[in-house]
Each structure stands twice: as structure tokens, then as C-alpha cells.
Amino acid sequence: MELSKSEQSMYDGELGEACRQSMEILMALGKIYGAKNMIPVTSVQVAGVSYKTIGDAGLEYLMENVKNGAKVKVPTFLNPAGMDREQWQEMKIPEQFAKKQIEVLDAYAKMGISMTCTCTPYLVEIRPKVGEHIAWAESSAIAFANSVLGARTNREGGPSALAAAICGVTPNYGLHLDENRISDFVVKVNCDVKSNADFGALGYWVGERANARNPAFVGIKSASEDRLKALGAAMAASGSTALFYVKGITPEWKVKTGAEEVEFTKKDMQTTKEKLTSPEKPQLVTIGCPHASIDEIMEVAGIVKGKKVTCDLWVCTARKTKEKADKEGLTAVIEKAGGRVIADTCMVVCPLEEMGYKVTGCNSGKAAKYLANLCKQKVVYGDVGDIICK
Ligand code: F3S
């Protein structure tokens, strides 16, 4: 790989041990994927933040980086942690877990990373532009950044994203290169797709069939950013989609002539939703996977206003979005109905199973997959208005 003078000095250890080790990680990745050079990134999103997912080994790795003088060179944000930093006691997070989680967050803070713990940094902190190179690590944020914003990022892992943040560069391969951003898999949508649960089911179905390809959708008449984030998140969870196109909606549309075509019908929508749900009554309903926008919080507030929910209700969001919801009185409406607006964390990365929940409702294709697979939950899947028990 060809390195610039400053990249070479990082690799040679002239800028300290943390930089040297990080450059080593990036070089190893570059070699595996055939990158010819490094490329500067304008922002990084680091995953591996919840103590539930990284455990003691991850915490030790972070401490080691801090000890070696790790400091980030570009604006860097965190994925959701395992708890709301302000409401963890009210959430009934076990104390030992909270202690470890605080140590993880402190380690990241010492490296100069913003404490924005969210999978939707593009809603609150940073919106990369078309063609901008970034290194993001949370799968739904990656799909959104590549597809809806037109930025360029690979699916980074926790260590490679952190290394990119410390060095300010990433190996130039995969979705950083135009030739890998072409779709050869067209999905013709032949039914109405309206709610987040609809887009989540569509994404779930497509993710299972796309393999590593970039899906291109035709037939979607309209889709807000909230719907596109639901679509991308589901595809990234049931498959490994990192880039998709929607004809007439996403800023880019690059499809190969002779691409394979599949059709998604009303029947596919129905069978996918049936597959994702169970007939139980949820103990907890979770909205906000990916983290809820202010419009999504408003939707929940509208549904529960003046009512009492008969199960626990969490709306998971970024702290800045929660602050907006607090100001607009939406949090108060949801709390009055018996729910909570929760920041910094989500239903999947908090220790849900340790907190006694067994049946959880959601309107997200991604949450449906991970609640079942990673959190031992029975899942109730559907539109917000249908799953919130009033
Ligand atoms: Fe975000 Fe958690 Fe879903 S990280 S995408 S809310 S699983």
C-alpha cells in the first residue's frame, strides 16, 4: 500500500503507540481487501459501546488505547450504550452493569469522542454530503449514510472505526470506490408500503435475498427519511446490506443493465410480518430502532395522549432528540401515559433479558431480528398504533 508521509510516520510509531497500533489495523485491513492507499475521513461513528456487547475484554482494549495516548483526529460519535446515562436507575439497569458501562464511556471520552450515543448521528450531529468519505460502524447508520445521504463508508467494525478515528484515514476499498456502488439486484415493489413496520418487513425480506449485493428498489411511491432508515436497518440486519437505491428518491441511482429482478408482493409483506411476530401480549413495547426522530416521537405521543398504556413503553432516541421532545412537551405526554423516552441506549444493546422482559413489541425489522436472536425475547411486530397496549 502506498502511504503518505504522515501515514508512514504514524505506521512507524512517530506519533505514539496508539497511532502505530491503529495504523497497523488499517494496513492489515487494506491488505486483505486490496486497497492501494488510505483515504481521509471526515467523521467516524464507533460501535462497541454497550458493555453488554463488548464485555470486560472490550473494556480492557479501550483502557489500553487510553494508556497508549489514543486521541481522535476527526469528529467521532458513539453508537448507543447499554443504558440511559441519566435514567439508568429508573430503567432498572443492574448496578454492576451501570458501573462497567460508565467505565466504557469514560474511556471513550478520554480519547476525545463525543458522548452522542446514537445510531442516528445524521439526525442530531452530522450529515455527511454526497461523495464524502466517512468510517461508520453501526449497520443501519452505514446503510443510511451510503444510500440516503450518498456518503461513502464500508461496514466498519468497532476496532477498525476506532483506528480510523485515531488516524483520520481508512483504507480505500469497497464502498469508497465507485465501481462497487453499482446495483445488480432490482426489487420491484408491487404493493403498498407505508408505515415503518411495512418498510421493516420489506427490508427484512430483501436483506435475506440480497446477500452482499446493493438492492435497487422500483415501485416505492414515496418514502420519508424515517421510512428509509427503517428499510435500511432491516436489510442490514437480515442481510448485510450497506447501500441501496430507491428510484426517484435516493440521491444516486446506479443499476447495471441486465440486473437480476425480483418482485415483492402483498403476500410477501403478509408472510414476512407473520414470520416476525408472535401472538403474545408484550410486557414492553419499544419504538425507535433506529433511534426515533422527533416526528416518530410525536406519532407515539399522539397515540397515547390522554390514555394509560397497559405495558411498559420505551421510545429510544438520541439525547439531543429527547431534549427537543422534552421542550415540545412530547416526553411529558408519553410519561403521563406511563411510557418513557429513553436516550443513549436501545432495546437491543441494553441488558433487557437481565431486566426480566420476555415478550417485547417493536415496529422495526432490525429490532425484531435482534430482540429474538440476541435478547431471548418473543417478539410482537406491527405498526405503532397496533402494538402499544392501551
Ligand atoms: Fe440503533 Fe439499537 Fe436499532 S443501535 S439500529 S436502535 S438495534
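**Sheets, cores and buried residues in a predicted model**

Lys229 is buried, its relative accessible area being 3%. The model described here is a predicted one. Lys229 belongs to helix H9, which covers residues 225-238. Apart from neighbours within four places in sequence, Lys229 is in contact with Thr120, Tyr122, Leu123, Phe144, Pro290, His291, Ala292, Ser293 and Glu296.

His291 is part of strand S10, which runs over residues 284-292. With a relative accessibility of 0%, His291 counts as buried. A polar atom of the His291 side chain lies 2.7 Å from the backbone oxygen of Thr345. Glu296 is among the buried residues of helix H11 (residues 294-304), together with Ile294, Ile297, Val300, Ala301, Ile303 and Val304. After helix H11 comes Gly306, which has a positive phi, near 75 degrees.

Strands of a sheet pair through backbone hydrogen bonds, and the pairing is either parallel or antiparallel. Strand S10 is a member of an open sheet of 5 strands, arranged in the order S12-S11-S10-S13-S14 with parallel pairing. The edges of this sheet are strand S12 (340-343) and strand S14 (378-381), each of which pairs on one side only. From one strand to the next, the twist averages 30 degrees. Strand S10 pairs in the parallel sense with strand S11 (residues 312-317) over 5 bridges. In this pair, Ile287 stands opposite Val315 of S11.

Another open sheet has 4 strands in the order S8-S7-S6-S9, and the pairing is again parallel. Strand S8 (245-246) and strand S9 (255-264) are the edge strands, and each pairs on one side only. Strand S6, residues 183-189, is joined to S9 by 6 bridges in the parallel sense. Here Ser183 stands opposite Val255 in S9.

The largest nonpolar core contains 111 residues, and Tyr108, Phe217 and Trp314 are those with the most contacts inside it. Helix H8 (residues 196-210) contributes the most to this core, giving 8 residues. A second, separate core has 24 residues, including Val285, Ile294, Val341 and Val384. When residues up to four places away in sequence are not counted, Trp314 touches Met91, Leu284, Val285, Thr286, Ile287, Arg340, Ile342, Met347, Cys350, Leu352, Met355 and Tyr357. Val285 is therefore a residue of the second core that is also touched by Trp314, as contact and core membership are decided by separate criteria.

A disulfide is a covalent bond between the sulfur atoms of two cysteines. How many disulfides does the structure hold? The number is 0. For Cys350, the closest cysteine sulfur is that of Cys346, at 6.9 Å, and this is too far for a bond, because the two sulfur atoms of a disulfide must lie within 2.5 Å. Cys350 counts as buried, since its relative accessibility is 0%. Cys375 is likewise in no disulfide, and its nearest cysteine sulfur, that of Cys350, is 7.2 Å away. Cys375 is buried, with a relative accessible area of 0%.

Conventions: Residues are numbered from 1 along each chain as its sequence is written. This is a predicted model: local features need pLDDT of at least 70, side-chain atom pairs count only at pLDDT 80 or more; totals for chains, interfaces and linings use all residues. Side-chain values use heavy atoms; hydrogens and water are left out. A nonpolar core is a set of buried Ala, Val, Leu, Ile, Met, Phe, Trp, Tyr and Cys residues joined through side-chain atoms within 4.5 Å. Buried means under 20% relative accessible area, exposed over 50%, partly exposed in between (1.4 Å probe, protein chains only). Helices (H or I, at least four residues) and strands (E, at least two) are DSSP runs, numbered from the N terminus. Contact means heavy atoms within 4.5 Å. A polar contact is a pair of N or O atoms within 3.5 Å; within protein, one must be able to donate a hydrogen and the other to accept it, and residues adjacent in sequence count only if both atoms are side-chain atoms. Two strands pair if DSSP finds at least two bridges between them. Axes are lines fitted to C-alpha atoms, for helices over the stretch in contact, and angles run from 0 to 180 degrees between N-to-C directions.
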